Amino acid sequence: MKAAVIRIAGGAENFSLEEIPMPIPLKDHVLIKIKAFGLNRSELMTRKGLSPAVHFPRVLGIECVGEVESDPSGILAKGQKVAAFMGGMGRDFDGSYAQYTVVPNAIIMPFESTLSWEILGALPEMFQTAYGSLYRALKIKEGETLLIRGGTSSVGLLALQLAKKSGLFVISTTRSDDKKDLLLTNGADEVLIDNGNLAETIKSQFKIDKVLELVGTSTLQDSLKKVISGGSVCMTGMLSEQWSIPEFAPMDYIPATVNLTVYDSGQIRIEETYFQEFVKDIEKGFIKPPIKRIFNLDEIVAAHRFMESSSGGGKIVVLP
């Protein structure tokens, strides 16, 4: 089968399209014929060598959609549509940058849909991250005011639509005036240009109940200063590509009575019934998944370069 293999950490040019042996599913694993997969910023960081636990050579890719090719357990029939994501995929074992992959049963979600593979390929990790951050971590409620920091990212755009569907007043940020219309079109009530220091501006104009922090550690403290007493900040994204906070002192860093949490789909998984409902909402036109561009597997170098240079606006999908 064909796979995009990276043998040495570094630039996108380090990917090579190779013919490698078809993986064989063992007990509690399933062989999936990959139909599409989305690109993720974490894969960009791994490619650069910023994921210390990942060893090369490796086939990257933390998510995919496709059809069951073989399930030794007999639970899933051949041809069943499935999504798979996280659980060590593309990190501890070879992932989705290929025509086939073998993954544990535990990270698979069977589903049914009439949507195209191009659309379905954008959904698994984007849905898990946006839904989990809003409903499990932040516990959003109708009537609240939500600030999405890093609003033009694929997760930010989907979170905006989900929050509006749940009756929240949503403020989204962007670093570019050119992206204002994108956020307004997706339902934002207010759009703010993010200069990295919005705390005083926000407090003088809005009362923020919840913040979805997608930029990361570089703006986290500023986000914590924005919310009301008893409010919450969920750090989910790392668009700034910074994993940690130097000399973190919690008593100085976190304002009193403000809650700080995180969402990680590798630790908490949203049940497949919610994913199926989400897919049905897309089919009915209630949600429009943000997709920016579609590549083929043999364009993986160009796809990664596009992800690295892009400033958001939707998910990048690759078709094997």
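This passage describes the packing of helices H3 and H4 and a pocket lined in part by both. The model is predicted; local features require pLDDT of at least 70, side-chain atom pairs count only at pLDDT 80 or more, and totals for chains, interfaces and linings use all residues. Residues are numbered from 1 along each chain as its sequence is written, and side-chain values use heavy atoms, without hydrogens or water.

Helix H3 spans residues 124–137 and helix H4 residues 154–165 (helices are DSSP runs of H or I, at least four residues, numbered from the N terminus). Their axes come within 9 Å and cross at roughly 50° (axes are lines fitted to C-alpha atoms over the stretch in contact, with angles from 0 to 180 degrees between N-to-C directions). The crossing is right-handed (the near helix is turned clockwise from the far one by less than a right angle).

On the H3 side, Met 126, Phe 127, Thr 129, Ala 130, Tyr 131, Leu 134 and Tyr 135 take part. They meet Ser 154, Val 155, Leu 158, Ala 159, Leu 162 and Ala 163 of H4 (contact means heavy atoms within 4.5 Å). By class, this contact has eleven nonpolar, two polar and no charged residues (Ala, Val, Leu, Ile, Met, Phe, Trp, Tyr, Cys and Pro are nonpolar, Asp, Glu, Lys and Arg charged, the others polar).

H3, H4 and helix H9 (272–283) each supply at least two lining residues to the second largest pocket. H9 gives the largest share, four residues. The lining divides into six nonpolar, one polar and three charged residues.
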